[in-house]
Amino acid sequence: MKLGIIGTGNVGCAIALAAVARGSAREIVLVNRTRRTAEAVATDIRYGVPLSPPVDIKDGDFGALAGAGVVLITSGVNEKTGGATDRNDPQGRLRLLDKNAAIYRDIVPQIVRAAPNAVLVAVTDPPDPLADIAREAAGHDRVLSTGTYLDSLRFRVHLGGHFGVDPKSVEAQVIGDHGTSQVFLWSTARIAGVPVTELVQKRGEKLDDIRAQLEKDVRYANITIIEGHDASQYGIGIVSARIAEVVLRDERAAIPIGSFQSEFGVTLSLPSVVGHDGVLEVMQPELSSQERSALEKSAQGLRTALQRVGN
C-alpha cells in the first residue's frame, strides 16, 4: 500500500504525520517543489517511526510515485497567503482557484505519468473545483476532493458539544462544496437515532438560534483557526489520511466526499461509498426542499467559478 503526498507545506506535513501515526500506508512518498524540504520532513518523521505502525517514509521526485494507489495533492496557495480569510467575502476559498488551477494543470500530468492507476485526491483549497481541473488534466475519473468530510466532522463535534455527547454518537452531514455555500443536513441529523430537531424541542430551545450559531462556527472554522495559528492543517491532515486508508484498503466506507456529479456538472460532496477505485456508489440523502435548493445554489457557485478559469 503506497501513498503519495504532493506538497510539504503545513497541510502536507500534517497529512504525513497523521498517515504515519495511523498506519494509513506501508510506504509514503513526499514530493515537493523543493526536494530538500521533502527530504527534511521525511527524515524528521522517520525518527519517530519506531513508535508507529510499520512504514517507510521517504522523499522523491514524481517518478517515485510509481505504484502508488492514492496521491493526495496539497500544493498551492493557502488561505492566508491568498487572502481568503474574510468572513464577509462570498467567494471564500474560491478566491484561491485561479492561482491553484494553474498549479494543478502543471503537476497533475506529471503525477499521472508516474502513477497512472492512482486515485487522485484534491486537498488544496478550493478542493472541489480543483478536482474538476485535476480530472480534466488526468484524463480519467478516479479523482476525488476531500470535500465536506471535514465539515461534516466539525458539524458532529459542535452538535456533540451542544448536547453534551460524544461526537461519535452524532450522525450529521454537510454536503455540497467545501466553502461558504456548504449545506447542513439538519433534517436527517440524529443523536443515538433521535432527530436533533426533536431533541431541541424537548430542551425548549429554538432551532433557528442553534442553527445560526452552529453553522457560523462550522462554516468559518478554518478562519477562526488561522486567526489563532496561521494555518488550518491538523483536522484536514487526519481526514486526508483517513481517505487514503479507505482507498488503499478498499474499505467501501460510506463518507461525505467530493466526486464529479453529472447531475450538477461539477464535483461536489454527497455521501458516497469509497474503495480501491475511488467513489463506487453515490448515495442520495433525503433532502428537505430548503436543503435541495441550497445544494443547487452550491453547485451553481462551483460552476461559475470553473467558468472563470476556463474549465
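Visitor: Which helix gives the most to the lining of the second largest pocket?
Guide: H11 gives the most, with eight residues. Helices are DSSP runs of at least four residues (H or I), strands of at least two (E), numbered from the N terminus.

Visitor: Where does the model come from?
Guide: It is predicted: local features need pLDDT of at least 70, side-chain atom pairs count only at pLDDT 80 or more, and totals for chains, interfaces and linings use all residues. Numbering starts from 1 along each chain as its sequence is written, and side-chain values use heavy atoms, without hydrogens and water.

Visitor: How much space lies in that second largest pocket?
Guide: About 430 Å³. A pocket is an open set of points on a 1 Å grid, where a 1.4 Å probe fits, with protein on both sides within 12 Å along at least five of seven lines; lining residues have an atom within 4 Å of a point.

Visitor: Which residues are closest to its centre?
Guide: Of the 24 lining residues, Asp-177, Thr-180, Ser-181, Gln-182 and Lys-297 are the closest. Strand E9 (183-184), helix H8 (207-219) and helix H11 (289-308) each give two or more residues to this lining.

Visitor: And what is the volume of the largest pocket?
Guide: It is about 850 Å³. The lining has 38 residues, and Gly-9, Thr-74, Ser-75, Gly-76 and Val-77 lie nearest the centre. Five helices each supply at least two lining residues, among them H1 (10-22) and H4 (97-114).

Visitor: New topic. How many aromatic pairs?
Guide: Two, by the rule used here. Ring centres must lie within 6.5 Å; planes under 30 degrees apart are stacked, over 60 edge-to-face, the rest tilted. Phe-155 and Phe-184 have ring centres 5.2 Å apart and planes at 90°, so they are edge-to-face. Phe-155 is in helix H6 and Phe-184 in strand E9, 29 residues apart.

Visitor: Are those two buried or exposed?
Guide: Phe-155 and Phe-184 are both buried. Buried means under 20% relative accessible area, exposed over 50%, partly exposed in between (1.4 Å probe, protein chains only).

Visitor: What about Phe-155 and Trp-186?
Guide: Their ring centres are 5.2 Å apart and the planes sit at 70°, so this pair is edge-to-face too. Trp-186 is in the loop between E9 and E10 and Phe-155 in H6, so the pair ties together parts 31 residues apart in sequence. Both are buried. Phe-155, Phe-184 and Trp-186 form one aromatic cluster.

Visitor: What order do the strands take in the open sheet?
Guide: E7-E10-E11, with antiparallel pairing. Strands pair if DSSP finds at least two bridges between them. E10 (190-191) and E11 have two bridges, and Arg-190 has Pro-195 in E11 as a bridge partner.

Definitions and conventions. Points joined across faces, edges and corners; volume = space filled by probe spheres on them. Phe/Tyr/Trp six-rings, centres within 6.5 Å; stacked < 30°, edge-to-face > 60°.
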